[in-house]
Amino acid sequence: VQLVQSGAELRNPGASVKVSCKASGYTFTSYYIDWMRQAPGQGLEWMGRIDPEDGGTKYAQKFQGRVTFTVDTSTSTAYVELSSLRSEDTAVYYCARKIPNNWSYDYWGQGTQVTVSS
């Protein structure tokens, strides 16, 4: 099993960014994908979840209206798009495969650095 994320991104404030997470080695639609981020000096922050089987999503309240999760089942890839970026969005973004009926994760992407700076 692997989750491979796209490369580092640099954006200006107010722009949008889209990060990908390509899954392999398992049936993509059988496991939820969660997205989290870790800002410099901060703990891990949960952003939300997508069910690749039906595209159903759950967003952390903090990000509602600014974040969108999507999947492409033909390529087993999950995406997170964050809009109206501000400097506080500078962080490493992670995807993770959620263990069914469990609060934890068994596989993680390698992380994607997103830097928001003018």
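Two rings of Phe, Tyr or Trp count as a pair if their centres lie within 6.5 Å, with the six-membered ring standing for Trp. I used that rule first, on a model that is predicted.

**Entry 1: aromatic rings**

I counted 4 aromatic pairs. I started with Tyr-26 and Tyr-31, whose rings are 5.3 Å apart centre to centre. Their planes make an angle of 85°, so the pair is edge-to-face, the cut-off being over 60 degrees. I then looked up how open each ring residue is. Tyr-26 has 16% relative accessibility and counts as buried, because the limit is under 20%. Tyr-31 has a relative accessible area of 23% and is partly exposed.

Next I took Tyr-59 and Phe-69. Their ring centres are 4.7 Å apart and the planes stand at 40°, so I logged the pair as tilted. Tyr-59 belongs to strand β6, residues 57-59. Phe-69 belongs to strand β7, residues 67-72. Phe-69 is buried, at 3% relative accessibility.

Which residues do ring pairs link into a cluster? I found Tyr-94, Tyr-105 and Trp-108.

**Entry 2: charges over rings**

I checked Lys and Arg side chains against the rings. Tyr-26 came up again: the charged end of Arg-97 sits over its ring, 4.5 Å from the centre. So Tyr-26 has Tyr-31 as an edge-to-face partner and the charged end of Arg-97 over its ring, while counting as buried. I also noted Lys-18, whose charged end sits over the ring of Tyr-79 at 4.8 Å from the centre.

**Entry 3: cavity**

How many cavities of 30 Å³ or more are there? I got 1. The largest cavity holds about 30 Å³ of space. I listed its lining as Val-17, Val-19, Val-80, Leu-82, Tyr-93 and Val-114. Strands β3 (17-24) and β8 (77-82) are the elements that give two or more residues to that lining. By class, I scored the lining residues as 6 nonpolar, no polar and no charged.

**Entry 4: positive phi**

Most residues other than glycine have a negative phi. Ser-84 has a positive value, with phi near 50°. I placed Ser-84 in the loop between β8 and β9 (91-98). Ser-84 is partly exposed, with a relative accessible area of 41%.

Asn-101 also has a positive phi, near 60°. I found Asn-101 in the loop between β9 and β10 (105-108). Is Asn-101 buried or exposed? At 83% relative accessibility I logged Asn-101 as exposed, because the cut-off is over 50%.

**Entry 5: Gly-43**

Gly-43 lies in the loop between β4 (33-38) and β5 (44-50). Its relative accessible area is 47%, so I put Gly-43 down as partly exposed. What does Gly-43 touch, leaving out residues up to four places away in sequence? I found Arg-37 and Gln-38. I also took the separation from Gly-14, which is 29 residues away along the chain. The C-alpha atoms of Gly-43 and Gly-14 are separated by 24 Å.

Technical notes
Residues are numbered from 1 along each chain as its sequence is written. This is a predicted model: local features need pLDDT of at least 70, side-chain atom pairs count only at pLDDT 80 or more; totals for chains, interfaces and linings use all residues. Side-chain values use heavy atoms; hydrogens and water are left out. Helices (H or I, at least four residues) and strands (E, at least two) are DSSP runs, numbered from the N terminus. Buried means under 20% relative accessible area, exposed over 50%, partly exposed in between (1.4 Å probe, protein chains only). Contact means heavy atoms within 4.5 Å. On a 1 Å grid over the protein atoms alone, a cavity is a set of points where a 1.4 Å probe fits but cannot get out, and a pocket is an open set with protein on both sides within 12 Å along at least five of seven lines; lining residues have an atom within 4 Å of a point. Grid points are joined across faces, edges and corners, and a volume is the space filled by probe spheres set on the points. Ala, Val, Leu, Ile, Met, Phe, Trp, Tyr, Cys and Pro count as nonpolar, Asp, Glu, Lys and Arg as charged, and the others, Gly among them, as polar. Rings of Phe, Tyr and Trp (its six-membered ring) pair if their centres lie within 6.5 Å; planes under 30 degrees apart count as stacked, over 60 as edge-to-face and the rest as tilted. A charge sits over a ring if NZ of Lys or CZ of Arg is within 6 Å of the ring centre and within 35 degrees of the ring normal.
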